[in-house]
Protein chains: 2
Amino acid sequence: MINKDSVQNTSIINNLTKYVTFSDEELDNFFELGELATFKKNQTLVHKGKESSPFILIKQGCLMTSYIDEGDFRHVIQFGIDNWWTGDLNSFMNNEPSIYSIKAMTDVEVLTWNKENFDLLCAFSPNFERYFRILFQNSLISHQKRIIRNISFSAEQKYLTFLKNYPKLELIVPQKCIASYLGITPVFLSNLRKKLSGK
Amino acid sequence: MINKDSVQNTSIINNLTKYVTFSDEELDNFFELGELATFKKNQTLVHKGKESSPFILIKQGCLMTSYIDEGDFRHVIQFGIDNWWTGDLNSFMNNEPSIYSIKAMTDVEVLTWNKENFDLLCAFSPNFERYFRILFQNSLISHQKRIIRNISFSAEQKYLTFLKNYPKLELIVPQKCIASYLGITPVFLSNLRKKLSGK
DNA sequence: TGCTTTTATTAATCTAGATTAACAATTCAT
DNA sequence: ATGAATTGTTAATCTAGATTAATAAAAGCA
């Protein structure tokens, strides 16, 4: 059974209560409405164009969200690690097929909520509404910063910022995925790394 | 007095109630805690690095948010028009000086909330918490789409998408601001427009 | 363990878009 | 209306980063 008493949930609870104070009952509800799942490295949790995306909280491991364009070209749009929320929000909220695919970059343990249970959670207590308001708000702020970087940074600046923001990912994720996330080619990233290492 | 009865507020109310059902009392509160203000074209409502940003709802007109980098180079990061929310969210929420500057591109009429009143509003009714949760959620979805465009679109595709998304802005806003928003140079946008007009 | 597939590197060439600069067209203030 | 300042255009040149292709290294699998 998944509930707040599981020792392993302490880090998630710490994260939840960073923004909002939840009662024990609320926390119980949170875990009871979620579903625990594990995936092996390289498994795909959400298939582009097929099922709708759940709302995903990563307990441990790393997920990669990517978008495949008309030319069948894959663009990495997000990495998620321990304690991060991820998923195709639009797909989740409107029960549409996901436009992204979400893949496990390591063995991964996640909690997922479907739309129905998410709605129950929000209906159960406005504290959840508040929690997600703040979660989305913060995510919005970091998305805005990312857009600024996209518009105004050189490839080198983008890469260095990435290393600063996600120090652990460099070791976990293939270089070509990092290149894609940054919007540059793997060949150019390789050149860049060579140049930087010689500095 | 600003309240829900003002004829001129109907379009704002329609917008609010698109997501959440509000009581008359809630709507009264919403307008009473907000402050009505008008600005002339080219006036700056929020100065980068000085005051913190309010949370702004545009009643009518057009606002432009821009970021000035270390090299004193201006990057337009958002346009806002009738019924849009805008402001430096991070500055607003944490009472820090704004990192953006926000300028009126036309004569403009806005409603603004300071952090204190925003908190009162959310404390007054969870419906507001819910409204802003959904507002930020939708904004997040469109920011993600914009990031995909940034990463994967050519300058031409970006410009054509911009025209589709903001058909009215082309006439209101100087071309160089549109170029900046798209992350290209005004010279290149000019070339692009010439090429497109010849098609 | 060796074989296959995927990923990373290196080098050569190419191009979308930047930069510079000079000129034309608008906009703005008096 | 008129001159000054801002914005837009055009053309020439330059460069960050893309593309292609061949090779090396690493990872996955029987």
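In the predicted model, helix α8 (residues 175–182) of chain A packs against helix α9 (residues 186–197) of chain A at an angle of about 105°, with axes 8 Å apart. Axes are lines fitted to C-alpha atoms, for helices over the stretch in contact, and angles run from 0 to 180 degrees between N-to-C directions. Helices are DSSP runs (H or I, at least four residues), numbered from the N terminus. α8(A) is therefore roughly perpendicular to α9(A) (65 to 115 degrees). A:Q175, A:K176, A:I178 and A:A179 of α8(A) contact A:P186, A:L189, A:S190 and A:R193 of α9(A) (heavy atoms within 4.5 Å). Four of these residues are nonpolar, two polar and two charged. Ala, Val, Leu, Ile, Met, Phe, Trp, Tyr, Cys and Pro count as nonpolar; Asp, Glu, Lys and Arg as charged; the others, Gly among them, as polar.

Helix α6 (residues 155–165) of chain A also meets α9(A). Their axes come within 11 Å and cross at roughly 75°, which makes α6(A) roughly perpendicular to α9(A). A:A155, A:E156, A:Y159 and A:L160 in α6(A) face A:F188, A:L189, A:L192, A:R193, A:K195 and A:L196 in α9(A). This contact has seven nonpolar, no polar and three charged residues.

Chain A superposes on chain B by a rotation of 180° with 0.0 Å of shift along its axis (RMSD 0.0 Å). The relation is that of a two-fold axis. In chain A, the C-alpha of A:R133 is nearest the axis, at 2.0 Å. The copies meet through the same surface, because 100% of the interface residues of chain A are also interface residues in chain B.

Residues are numbered from 1 along each chain as its sequence is written, and chains are lettered from A and ligands numbered from 1 in the order in which they are written. Local features need pLDDT of at least 70, side-chain atom pairs count only at pLDDT 80 or more, and totals for chains, interfaces and linings use all residues, while side-chain values use heavy atoms, without hydrogens and water.

Conventions
Helix = DSSP H or I, 4+ residues; strand = E, 2+ residues; numbered from the N terminus. Parallel < 35°, antiparallel > 145°, perpendicular 65-115°, else oblique. Least-squares fit on C-alpha atoms with pLDDT ≥ 70 in both.
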